[in-house]
Amino acid sequence: MTKFAEITGWGKCLPPAVMTNDDLATFLETSDEWIVSRTGISERRVSHVGTSELATVAARNALAAADLDPSELDLIIVGTCTADEIIPNVASAVQRNIGAKDAAAFDLNAACSSFLYAMHVATQSIKTGAHKKVLLIGAERLTRILDWTKRESAVLFGDGAGAMVLEASDEEVGLLASHISCDADARDVLSLDFGLSFDRFGFDGIMQFDFVGQEIFKRAVKGMSAAVENVFQQTGMTTDDIDALIPHQANKRLIDFLGKMCKVPSEKTVINIQKYGNTSSATLPIAFAEAADNGIIKPGDSIMSAVFGGGLTCGAGLIKWGQRVTPKRPNQMELPAGDKTALELIVPMHEATKKAWKNRGQ
């Protein structure tokens, strides 16, 4: 008998250090009005710990909400494009940190689409019977890899993590339909070079971040619209059947467009980009966790999600929430405070990047 993948736990982790638009204006040629009018972002978080620590806290919160012992997990998937190191993966660190010794563990990088991609993969795995209890995490520490001299991209991103527990169920709940795709012809309009393409002895510390905003926006609209329509066709549902919209938090204008397309009123559209910026793979699970905690998600709700990211990856999914909308155990664990403010964490990186560009003669 085919199983469904019920969402039984959810949680998030947000670093305590907050960087406002006014903070950014102290070292970039920008302003609060300029950033808000173009993106909807007012502030973002800056992490003092690595991606695996963010992921671990979010994971523990999701497990608490599900009241699930980590030893019962059989798979951990971490969506991320900012792993602590190339090898080993973040998922293995989470597995060790939470004591999930019987779980397979791997990372998935579809940039901002990573969490929905992971949910797609995990749901199919549960449906086939290959796995029964899966921990999904989206975790990013984007602030450590940005070019802080480039206003257009530096103002957009922040750090954070979110997680979900999926468990096999006979009830028709969870991700009921999904569609993922990739517009590879445009893969170069959003890219980050960690320096690995440079001569190993010649890398000067600049992580080249290419971000062609207008082209990304245009292709994101097209890709997400097509993915949402595909999901509607799979399910036979229409916009009238959607109770909530929880999209990737990349740009307020893009979220507004998607809401109009899905005919979901603003009060049923989850928007938190103003508080956290774009946390890439973490935006979706953070938004789901907050929607559940704030009472936006109701028992039995039908929820549409849509994402896009580097690649250009894209996707959408129709999620049927179960009957429980409150955690079984408290799930508000937080990181310990660091000893530096957001500005104290970021300004040295800004100065180092300026110096590297100067040495390169640009």
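In this predicted model, the side chain of Arg-44 makes a polar contact with the side chain of Asn-21 at 3.0 Å; a polar contact is a pair of N or O atoms within 3.5 Å, where within protein one must be able to donate a hydrogen and the other to accept it, and residues adjacent in sequence count only if both atoms are side-chain atoms. The side chain of Arg-44 also reaches the backbone oxygen of Val-155, at 2.8 Å. Residues are numbered from 1 along each chain as its sequence is written, and side-chain values use heavy atoms, with hydrogens and water left out. As the model is a predicted one, local features need pLDDT of at least 70 and side-chain atom pairs count only at pLDDT 80 or more, whereas totals for chains, interfaces and linings use all residues.

Arg-44 belongs to strand S3, residues 43–46. Helices (H or I, at least four residues) and strands (E, at least two) are DSSP runs, numbered from the N terminus. Arg-44 is buried yet has no salt bridge, and Asp-23, the nearest side chain of opposite charge, is 7.1 Å away. Here buried means under 20% relative accessible area, exposed over 50%, and partly exposed in between, with a 1.4 Å probe and protein chains only. A salt bridge is a side-chain nitrogen of Lys or Arg within 4 Å of a carboxyl oxygen of Asp or Glu; Lys and Arg count as positive and Asp and Glu as negative, while His and the chain ends are not counted.

Aromatic side chains come next. Rings of Phe, Tyr and Trp (its six-membered ring) pair if their centres lie within 6.5 Å; planes under 30 degrees apart count as stacked, over 60 as edge-to-face and the rest as tilted. By this rule there are three aromatic pairs. One of them is edge-to-face and joins Phe-27 to Trp-148, with 6.3 Å centre to centre and 65° between the planes. This pair links distant parts of the chain, 121 residues apart: Phe-27 is in the loop between helix H1 (21–24) and helix H2 (32–39), and Trp-148 in the loop between strand S6 (133–141) and helix H6 (151–154). Both Phe-27 and Trp-148 are buried. Elsewhere, one aromatic cluster is made up of Trp-10, Phe-288 and Trp-321.

A ring also meets a charge. The charged end of Arg-151 sits over the ring of Trp-34, 3.9 Å from its centre; the rule asks for NZ of Lys or CZ of Arg within 6 Å of the ring centre and within 35 degrees of the ring normal.

Several loops are worth a visit. Thr-80 lies in the loop between strand S4 (75–79) and helix H4 (90–98). Thr-80 counts as buried because its relative accessibility is 5%, and its side chain makes a polar contact with the side chain of Glu-140 at 3.1 Å. Pro-88 is also placed in the loop between S4 and H4, and a cis peptide bond, with omega about 0°, joins Ile-87 to Pro-88.

Asp-67, in the loop between H3 and S4, has a phi near 55°, a positive value in a residue other than glycine. With a relative accessible area of 44%, Asp-67 is partly exposed. Ala-111, in the loop between strand S5 (104–108) and helix H5 (114–128), is not a glycine either, yet has a positive phi of about 55°. Ala-111 is buried, its relative accessible area being 14%.
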